Amino acid sequence: MVNNQVQFSLLDRRPLLEMQEYCVQNQIGITPFGVVAGGFLTNKYLGVEPGQVAVDTSSKSKYASVLNQVGGYQWYQDLLQVLNLVADKHQQTVANVATRWVLQQPAVPAVIIGARTANHVADHQALFTVHNTCHLTTPTLQLLLLVTCAAKCDLLLQLLVFTAV
């Protein structure tokens with residue numbers, strides 16, 4: 001086996017539990033899908049009230065379930081706020097920061113992006129343009145993981161940590 005295709009995102013971090021270490025040790029690549037969680041890890045939902053979110057596809061239904069399991073809607077909005085701060089710093093979108101977080105994980109040589117429109121393709125291409133390369137520092141990667149692990153954490157504390165990075 002040379003590659004393992006798994007669901008992996010800031011919402012679904014199950015590969016971090018043991019699969020990532022196994023793959024690194026055995027020189028197996030991880031090719032994640034669902035890196036923007038069916039569109040939930042985009043600017044589109046930043047600040048949107050829960051009643052305004054249409055869960056109208058099977059993909060959205062699956063990721064809405066994951067979102068509720070890992071932290072709930074307020075936690076998700078906190079995550080989007082931090083992602084947006086990082087995105088602004090790198091002149092990127094929330095989707096690209098979420099994608100870059102996955103791309104910078106050990107054993108991940110590439111990701112599968114399910115772009116639904118041409119705009120999505122152009123946006124994701126911005127990850128790799130010469131003038132717009134988004135590379136997250138180790139403290140930023142750690143901050144994003146901290147945010148995802150702390151379902152009931154204080155966003156202000158996270159923002160203070162972020163400003164120090």
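This is a predicted model: local features need pLDDT of at least 70, side-chain atom pairs count only at pLDDT 80 or more; totals for chains, interfaces and linings use all residues.
Reader: OK, big picture. How many helices and strands are there?
Author: The chain has seven helices and two strands. Both kinds are DSSP runs numbered from the N terminus: helices are H or I with at least four residues, strands are E with at least two. From the N terminus the order is β-α-β-α-α-α-α-α-α.

Reader: And what percentage of the chain is buried?
Author: Of the 165 residues, 47% are buried. As for contacts, meaning heavy atoms within 4.5 Å, take those between residues at least 6 apart in sequence: 77% of them join residues at least 24 apart.

Reader: Back to Gly 71. Which residue is 77 places away from it in sequence, and how far is that in space?
Author: That's Thr 148, with a C-alpha to C-alpha distance of 8.1 Å from Gly 71.

Reader: Let's do α3. What span should the helix have, and what does the model show?
Author: Helix α3 covers residues 72-90, which is 19 residues. The expected span is 1.5 Å times one less than the number of residues. That comes to 27 Å for α3, and its end C-alpha atoms are 27 Å apart, so the two agree.

Reader: How many of the α3 residues are buried?
Author: 14 of the 19, so the helix is mostly covered.

Reader: How do α2 and α3 pack?
Author: Two packed helices are described by the angle between their axes and the distance between the axes. Axes here are lines fitted to C-alpha atoms, for helices over the stretch in contact, with angles from 0 to 180 degrees between N-to-C directions. For α2 and α3 the angle is about 95 degrees and the axes are 7 Å apart. That makes α2 roughly perpendicular to α3. By the cut-offs, under 35 degrees is roughly parallel, over 145 roughly antiparallel, 65 to 115 roughly perpendicular and the rest oblique.

Reader: Which residues make that contact?
Author: From α2 it's Leu 67, Asn 68 and Val 70, and from α3 it's Gly 72, Tyr 73, Trp 75 and Tyr 76. By class, the contact of α2 with α3 has five nonpolar, two polar and no charged residues. Nonpolar covers Ala, Val, Leu, Ile, Met, Phe, Trp, Tyr, Cys and Pro; charged covers Asp, Glu, Lys and Arg; the others, Gly among them, are polar.

Reader: And how do α3 and α4 sit against each other?
Author: The axes of α3 and α4 (residues 94-103) come within 8 Å and cross at roughly 95 degrees. So α3 is roughly perpendicular to α4. On the α3 side are Leu 80, Leu 83, Asn 84, Val 86 and Ala 87, meeting Val 94, Val 97 and Ala 98 in α4.

Reader: How about Gln 92, buried or exposed?
Author: Gln 92 is buried, at 10%. It lies in the loop between α3 and α4, and its side chain makes a polar contact of 2.7 Å with the side chain of Asn 96. A polar contact is a pair of N or O atoms within 3.5 Å; within protein, one must be able to donate a hydrogen and the other to accept it, and residues adjacent in sequence count only if both atoms are side-chain atoms.

Reader: Switching topic: what does the Gln 7 side chain touch by polar contact?
Author: Its side chain pairs with the side chain of Asp 12 at 2.6 Å and with that of Lys 62 at 3.4 Å. Gln 7 is in strand β1 (residues 3-7) and is buried, with a relative accessible area of 10%. Beyond its neighbours within four places in sequence, its contacts include Phe 33, Tyr 63 and Val 66.

Methods. Residues are numbered from 1 along each chain as its sequence is written. Side-chain values use heavy atoms; hydrogens and water are left out. Buried means under 20% relative accessible area, exposed over 50%, partly exposed in between (1.4 Å probe, protein chains only).
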